[in-house]
Structures are given as C-alpha cells and as structure tokens.
Protein chains: 2
Amino acid sequence: MRVLKYAILGLLDQKELSGYDITRLFKEEVGNFWSAKHSQIYPELKRLTEEEFIRYETVIQGKKLEKKMYSITEEGRAELSKWLTTIDPIPETTKDEFMLKAYFASSMSIEELKQQIDNQLSSRKVKLTFLKKRMDDLLEQVNHHITVSSPQFGHYLVLSRAQDRETSYINWLERTLNLIEKEQ
Amino acid sequence: MRVLKYAILGLLDQKELSGYDITRLFKEEVGNFWSAKHSQIYPELKRLTEEEFIRYETVIQGKKLEKKMYSITEEGRAELSKWLTTIDPIPETTKDEFMLKAYFASSMSIEELKQQIDNQLSSRKVKLTFLKKRMDDLLEQVNHHITVSSPQFGHYLVLSRAQDRETSYINWLERTLNLIEKEQ
DNA sequence: AATCGCATGTAAGGCGTTACATGATTCT
DNA sequence: AGAATCATGTAACGCCTTACATGCGATT
C-alpha cells in the first residue's frame, strides 16, 4: 500500500527537503517506526514527482553540487490527508526475530536461552538510555511544556511511544530471566 | 537473511507438519511475531528439501488426498541450532504505520487525531482480551504451573510478551488521549 | 592529501502479498 | 447439495536491501 509514499508526503508537508535530508530523518526519531534506504527514496521521489504530488527546485550547494529541494503540491496534500484519515485494522503480525527465537526455547539449552535474553536486555537498556536523552533534549527545547499544537508534538509522540516500547520489553525480559533462574 | 527458513526449521523441530499445518500455525500464537502466507511457505519447503535440511513423506488423507508430512534432518537441526545461538543487534526500525501517522499529528486536525487514537485503542483492547483468554487456556492446560522445561514454554513466552506489548500500547494511547483532551 | 560528510542515482536479487488455479474431504 | 475446511501449487507484482557507481565540499 505504498507507505513510503505517505511517509515522504508527510515529511514534505512539514518543510522542503532533499532526498538526502529524508534519508537522514529516517535515521532519527521517526526511524523508530518507519524507515527506508536512499536507494528506495530516490526512485520514490521521482515517481511522486511524475504523479505531481510533489515538485522540486534545483539548488546549487557551493560551486556546482546540485541538490533537489522537494515540496508538496496541493494534490499531494489532499492525498496525504486521505491517508491520515483512513482507519486500518491493527496488523496481526509485528515481526520480531528475537521473539521467534524465544518461541523455539525448547530447541535451546537453558544457557543458550539465558545468553539470548541477557544480550537483548543489555541492548535494549542502551537504546532506552539513548531515547531518554533525546526526550530530555526535546523537553528542554519546549521548556518542559508540550502541547498538541507544538511543532514538536509528533516528535514527542514517537519518542514517548518508543520509550514505552523499550521499557515494556525490558520489563518482560527481566521477568522472563527471573522465571528461568528461579527454577534451577 | 531467510528468517522464514529458520521459522520452518524451528516448527519442524517440534513435530512433523504439512505445509498446511505451518500455514495454520502462523495464524496462532507464533503469528504475533512471525508469519507467512502459504504462497511463500510451499516454495520454501521445496527449497529446504532440496537443501536437505528437511524431508517429507507423502500421506494419504481419506481416499486420495495427498499431503506431504515434513520432518527436520540432522543437517537441519544443526542449521537451526546455528541460528538460535547467533546474537543479532536489535533492529533500528520496527515498522508501525499507526505511529508514522502519529508523527504527522501536525498535519491532522485534533478531531482526526482523536479518531485515530480512539480506534486504535478499541482494536488493541479487543486483541488484549483475546490474548488473555488464550493465556488462561494455556495456564489451565499446565495446572497454573509453567516451567522452562514445559513443552508449552515457547507458547507461554510469546503470549506473555504479546500481552505486555498490547498493554503497553494501550497505556500509551490512553495517556496520549488524556494529554490531547486536557488541553482543549 | 586524505577522510568524512553531502548528494544522487542504478542494478540485482531476495522477500512478501495478492491473485490465479485446482481438487478432495467433512460438516450441516 | 452446498459450504467450509483441508491441501498444494504457480504467477505477477511490489517492497526492500545490498552492492555498484559517481562526484563535490569541508575539515584535519
């Protein structure tokens, strides 16, 4: 259903961006929930331009380095709005390779299982620390007062959800580790 | 990295299954974290057979309906074990189309945003109720005493994680809805 | 002058979904 | 008799990643 199309339209509805800018954004906050590589982004930008949902202006950076600054058109805004108001069912599967391994616990030794959980736990703790730092920065930017109408509200939503997601995962991992260790 | 290959090997390490059985399993517990359609499963079974990680026996169901019962080979078990002990970094992106929409909150009216959150909330509550019922059934099966060595341990892990995942999502949705409603 | 970041593209191949296609068996 | 479920496959198409490919600009 071409989610990347809407991701790009949404980003361009906030401000003008180059393909390179979009690539960078997918490595930041929004990248917790959606991302794409530059090799997918450039063809999609070309296609959206042909479809007239976006257009670009060529800008010279320095002496001759050209970059294309894309902006959304009225048709693009209408298309974005259609997607934003669509109600979709929640997905039945959210793929998680680690949980697939966990499902096969009976094919592992207890030591192997503990190793997997330990590693997952420490990786996710690192990630949570990083997310908290990001959130601190954001809250400082808005003087600790975020509102729906703040331009940073979208950032706040993804950061708070990402934090919750990691916190919930970490709690489950710790509970599971206790369950395994108590039994031996 | 051919995760479906390992999903199939893991399932066949528990018991013999037909392609149809595997398709059904992906609609149950494990389907919360991994799944595939039959159109992907049958070619993968064929490929794994050629690679000699699995083999099959043709069984006649009724009078002439043939089904292929697959089982894992020693090489298959070794291959599965290699994957199960591999430590992977946590993925930077876990795609979630709803959260992508949330990131674009500033392109929506407050009413549209509330509609989206309301709907997500009720869908996820339905799902959580369903997961709790599944967990009750499982706990009854094992007389309310689950251990690492129980054959159902993998089922327990995915069900408890899926419940946590939904609970965390629901809490975030409710907090976010409050945040929006308080401000008006 | 070398390295890193900015900037844009294409090609090949694998993964995944939807649709097409067929037939047997069981249940109501 | 009809519907739902069991059972297996292929084809077309879109999505996504890895690798190939090139060149400018800024910093050290």
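Student: Which elements each supply at least two residues of the surface near DNA strand C?

Tutor: In this predicted model, chain A gives α2 (19-25), α3 (38-50) and β2 (65-72), and chain B gives α3 (38-50). The largest share, four residues, comes from α3(A).

Student: Why is the pair formed by A:Lys95 and a phosphate oxygen of DNA strand C called a polar contact?

Tutor: The cut-off is 3.5 Å between N or O atoms. A polar side-chain atom of A:Lys95 lies 3.1 Å from the phosphate oxygen, so the pair qualifies.

Student: Which polar backbone atoms are 3.5 Å from a phosphate oxygen of DNA strand C?

Tutor: One belongs to A:Gly19. Another belongs to B:Leu65.

Student: How do the residues of the surface near DNA strand C divide by class?

Tutor: Four are nonpolar, nine polar and nine charged. Lysine counts as charged, so A:Lys68, B:Lys63 and B:Lys64, named among the closest residues, are in the charged class.

Student: What makes a space a cavity and not a pocket?

Tutor: A 1.4 Å probe fits but cannot get out.

Student: How do you know that B:Trp172 lines the largest cavity?

Tutor: A lining residue has an atom within 4 Å of a cavity point. B:Trp172 is listed in the lining, along with residues including A:Leu157, B:Phe98, B:Met108 and B:Thr176. The elements giving two or more residues are α5 (97-103), α6 (110-141) and α7 (153-182) of chain B. By class, the lining has seven nonpolar, two polar and one charged residues. B:Lys101 is in the lining, and lysine counts as charged, so B:Lys101 is that one charged residue.

Student: How many residues of chain A are in contact with chain B?

Tutor: 70 residues of chain A are in contact with 70 of chain B. Contact here means heavy atoms within 4.5 Å.

Student: What area do chain A and chain B bury between them?

Tutor: About 6,800 Å², with 61% of it on carbon and sulfur atoms. A:Ile90, A:Tyr103 and A:Arg161 supply 12% of the area that chain A buries against chain B, more than any other three residues.

Note on methods. Residues are numbered from 1 along each chain as its sequence is written. Chains are lettered from A and ligands numbered from 1 in the order in which they are written. This is a predicted model: local features need pLDDT of at least 70, side-chain atom pairs count only at pLDDT 80 or more; totals for chains, interfaces and linings use all residues. Side-chain values use heavy atoms; hydrogens and water are left out. A residue is near a molecule or strand if one of its heavy atoms lies within 4 Å of it. A polar contact is a pair of N or O atoms within 3.5 Å; within protein, one must be able to donate a hydrogen and the other to accept it, and residues adjacent in sequence count only if both atoms are side-chain atoms. On a 1 Å grid over the protein atoms alone, a cavity is a set of points where a 1.4 Å probe fits but cannot get out, and a pocket is an open set with protein on both sides within 12 Å along at least five of seven lines; lining residues have an atom within 4 Å of a point. Buried area is the accessible area (1.4 Å probe) that two parts lose on being put together, summed over both.
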